[in-house]
Amino acid sequence: MRKIQMVDLVSQYQDIKPQIQESFSQILENASFINGPEVSGFQKDLEAYLGVKHVIPCANGTDALQIAMMGLGLEPGDEVITADFTFAATAEVIALLQLTPVLVDVDPETFNIDPKAIRDAITPKTRAIVPVHLFGQCAPMEEILEIAREHDIYVIEDNAQAIGANYKFADGRLQKAGTLGDVGATSFFPSKNLGCYGDGGAIFTNNDELAHTIRGIVNHGMYRRYYHDVVGVNSRLDSLQAAVLRAKLPHLDRYCDQRREAARFYNAAFSGHAQLTVPVTMRGCEGICDTCDCHVFHQYTLKVGGGKRDGLADHLAGLGIPFGIYYPIPLHRQKAYLDSRYAEDDFPVTNALCKEVISLPMHTELDEEQLRFITSAVLDYMNQ
Ligand SMILES: *Cc1c(COP(=O)(O)O)cnc(C)c1O
């Protein structure tokens, strides 16, 4: 059996190697390292793939979130609501801009932000909601967009984990994750579903004016060379990374299919086990279909009952099977984000999830032998 990895980027590279080498050597010959044709080409390709008017590439996903918030003109003291159960970057940029992060609880089935908790957290100071499309499926955007409309506040999608996923509206309409709110942010960190070979990110919007503002912000606040109208940042996607992403983008749907294939194998093995809860896909896609792309399985995350999560983790480690605990500590209990406004019973779901979740190896190269080995190992432990 091939060695099981949490994410296998080497096999994926072998598949696109000639194309990557060709474009890398061209970039090296032209020395077009920054803002070369690969960057504008990738931008256009991604706009077409997502069906969004503007993609603004930048240096990483954390920058993308920060720049989106700067572009919307959020100001110190403004409250921004986001999920307690997410990667810290989401709350970090809010705090960094001296906005006030307001963390709320999530849904126990989908792990995504709970619209009811959002409603309860709204105050006259609330200016934006940042839904995180966690583990590869969209937060309940229809409800979130409705709340935003009612209160006249912005929606900034953290789409770092769900590029390629669709959101399915109640009427069956599909729309790409990251293009539903006022602005979307994503990451091309190597292990994300569309990853480059270093750092990268992008911002999406259908708003022409906002796109213009953001294009200046990523470039030191310049709209005309050496005229600095606003305080900006330096955040660029370089040409080598753009070339990798351009080579991979045409395969993204297939990558998503391969992830779903692995998820189906896991589900078949674990569904019905009394102490295991398989990930729930929203709105009628329980069978994990390939037609609507509602879930792209950035992570395959099980809930382990009976207090057995840590024992299972030890068991897998002993067999050399990698796993992840995303996330072990709720953001509201992280030193950097402590806030006296919170009470422990504001976050019953996140508190429970942090003790129950475990993410199994998930990537495009898992074969049946590996999946059998992983599922048997999990079931052996759970049934002993
Ligand atoms: C990865 C990730 C980010 C940050 O992306 P970087 O490119 O690493 O800066 C932000 N939010 C979420 C939910 C992520 O998973």
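Predicted model: local features only at pLDDT ≥ 70, side-chain atom pairs only at ≥ 80, totals over all residues.
**View 1. The largest cavity and the residues around its centre.** Thirteen is the number to look for here: of the 13 residues that line the largest cavity, Val7, Leu9, Gln12, Lys192 and Arg259 come closest to its centre. By class, the lining of this cavity divides into 3 nonpolar, 6 polar and 4 charged residues. The structure has 3 cavities of 30 Å³ or more.

**View 2. The largest pocket and its lining.** Here we turn to a pocket with a volume of about 490 Å³, the largest in the model. Its lining is made up of 28 residues, and those nearest the centre are Phe87, Gln161, Phe189, Lys192 and His298. Helix H3 (61-71), helix H4 (89-96) and strand S8 (183-187) each supply at least two residues of the pocket lining. Sorted by class, the lining of the largest pocket holds 13 nonpolar, 11 polar and 4 charged residues.

**View 3. A nonpolar patch on the surface.** Three residues, Met1, Leu319 and Phe373, form this patch, and together they have about 270 Å² of accessible area. To find Leu319, follow the chain into the loop between helix H10 (309-318) and helix H11 (348-356). Leu319 has a relative accessible area of 40%, so it is partly exposed.

**View 4. A salt bridge between Arg309 and Asp310.** Side chains of opposite charge can pair when their charged atoms come close. In this close-up, the side chains of Arg309 and Asp310 meet in a salt bridge at 2.8 Å, N to O. Are the two partners buried or exposed? Arg309 counts as buried because its relative accessibility is 7%, under the 20% limit. Asp310, at 49% relative accessibility, counts as partly exposed. The structure as a whole holds 18 salt bridges.

View 5. The side chains of Glu344 and Arg333 meet in a salt bridge at 3.4 Å, N to O. Both Glu344 and Arg333 lie in the loop between H10 and H11, so the pair ties together parts that are 11 residues apart in sequence. Glu344 is partly exposed, with a relative accessible area of 41%, and Arg333 also counts as partly exposed, at 41% relative accessibility. Asp339 forms a salt bridge with Arg341, and their closest N and O atoms are 3.4 Å apart. Asp339 counts as partly exposed at 27% relative accessibility, while Arg341 is partly exposed with a relative accessible area of 39%.

**View 6. A network that links Arg2, Asp8 and Asp367.** These three residues, Arg2, Asp8 and Asp367, are linked in a network of salt bridges.

**View 7. Asp208 and Tyr223.** Asp208 has its place in helix H7 (residues 208-217). With a relative accessible area of 43%, Asp208 is partly exposed. From Asp208 to Tyr223 there are 15 residues in sequence and 14 Å in space, C-alpha to C-alpha.

Technical notes. Residues numbered from 1 in each chain as written. Heavy atoms only, no water. Patch = residues over 30% accessible without salt bridge, like charges linked within 9 Å, V, L, I, M, F, W, Y side chains within 5 Å. Areas by Shrake-Rupley, 256 points an atom, 1.4 Å probe, with all protein chains shown as cover. Salt bridge = Lys/Arg side-chain N within 4 Å of Asp/Glu carboxyl O. Helix = DSSP H or I, 4+ residues; strand = E, 2+ residues; numbered from the N terminus. Buried < 20%, exposed > 50% of the residue type's maximum accessible area, 1.4 Å probe, protein only. 1 Å grid on protein atoms, 1.4 Å probe; cavity = no way out; pocket = protein on both sides within 12 Å on 5 of 7 lines; lining within 4 Å. Points joined across faces, edges and corners; volume = space filled by probe spheres on them. Nonpolar A, V, L, I, M, F, W, Y, C, P; charged D, E, K, R; others polar.
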